[in-house]
Amino acid sequence: MRKADLPAPAAPDHPAWLALRRYTIGPDDAALDFTGRLARDNGWSRDLADRVLDEYRRFAFIAATAGHPVTPSDAVDQAWHLHLTYSRDYWDRFCPLLGRPLHHGPTAGGSAEEHRFFAQYADTLRSYEAAFGPPPADLWPPAARRLRDDPRARRVHPRDGLVVPWPVVGLLLLAACLVPCWRLLA
């Protein structure tokens, strides 16, 4: 049996998981705490940012215990990126809970890398399910979305552009087409 085929240990009573469940990021007295900043920086609600932080903790547990390389979902990766900016907290408080350093390694690009990350993401999801049950689909999407669509996302500051969801664009286009037709009928 390959190392990647071994399931992650069940999480509930594992010492690393017990420590991660209680772990908070950053100073307690910050005017803008970690979750608030995660929500603000990504345009998320506080509830969504709380859920993402919980998933980040689960991801960190899997990274520390699964015995294979792991790949986070995009939302979890956003939490990880932000946590890395709290460098003292990350290296001095967080990694010791995991029992090892957890380095972030971006892709070098190319088809071999794409294959590697698809395999790692699949292994991550299997280990997640072994430790915690099925992952929430809205925060752990299928691999094609995670590894092909999500990386195309761009951050846009609201003062620099107008972000309109596709359904709204569709309704506006439909209305633009119907107005001339309505006038012909009137």
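Contact means heavy atoms within 4.5 Å. The structure described here is a predicted model, in which local features need pLDDT of at least 70, side-chain atom pairs count only at pLDDT 80 or more, and totals for chains, interfaces and linings use all residues. Residues are numbered from 1 along each chain as its sequence is written, and side-chain values use heavy atoms, with hydrogens and water left out.

The protein chain holds eight helices and zero strands. Helices (H or I, at least four residues) and strands (E, at least two) are DSSP runs, numbered from the N terminus. In that direction the elements read α-α-α-α-α-α-α-α. The chain has 186 residues, and buried residues make up 34% of them. Buried means under 20% relative accessible area, exposed over 50%, and partly exposed in between (1.4 Å probe, protein chains only). Among contacts with a separation of 6 or more, 68% join residues 24 or more positions apart.

Helix H1 spans residues 15-22, and its buried residues are Ala16, Trp17, Ala19 and Leu20. Seen down the axis of H1, these residues fall within an arc of 160°, so they line one face of the helix. The arc is that of the directions from the helix axis to the C-beta atoms. The face turned away from the buried side of H1 carries the exposed residues Pro15, Arg21 and Arg22. The buried residues of H1 pack against three helices: H3 (46-65), H5 (87-98) and H6 (111-132).

In soluble globular proteins, nonpolar side chains tend to be buried together. Leu102 touches Ala60, Ala63, Trp80, Tyr90, Trp91, Phe94 and Cys95, not counting residues up to four places away in sequence.

Cys95 is buried, with a relative accessible area of 4%. Cys177 counts as exposed, at 51% relative accessibility. A disulfide is a pair of cysteine sulfur atoms within 2.5 Å. By this rule the count is zero disulfides.

The aromatic rings were examined next. Rings of Phe, Tyr and Trp (its six-membered ring) pair if their centres lie within 6.5 Å; planes under 30 degrees apart count as stacked, over 60 as edge-to-face and the rest as tilted. The structure holds twelve aromatic pairs. One of them joins Trp17 and Phe61 edge-to-face, at 6.0 Å centre to centre and 70° between the planes. This pair links distant parts of the chain, with Trp17 in helix H1 and Phe61 in helix H3, 44 residues apart. Both Trp17 and Phe61 are buried. The ring centres of Tyr90 and Phe94 are 5.3 Å apart and their planes stand at 35°, so this pair is tilted. Tyr90 and Phe94 are four residues apart in helix H5, a separation of about one helical turn. Both of these residues are buried. Ring pairs also link Trp17, Phe61, Tyr121, Tyr128, Phe132 and Trp140 into a cluster.

Three further positions were considered individually. Gln120 is found in helix H6 and counts as buried, at 8% relative accessibility. Gln120 touches Pro69, Val70 and Thr71, not counting residues up to four places away in sequence. Gly36 lies in helix H2. At 13% relative accessibility, Gly36 counts as buried. Gly36 and Asp47 are eleven residues apart in sequence, with 9.8 Å in space from C-alpha to C-alpha.

Thr107 sits in the loop between H5 and H6. Thr107 counts as partly exposed, at 49% relative accessibility. Glu113 and Phe117 are touched by Thr107, not counting residues up to four places away in sequence. Thr107 and Phe117 are ten residues apart in sequence and 8.2 Å apart in space, C-alpha to C-alpha.
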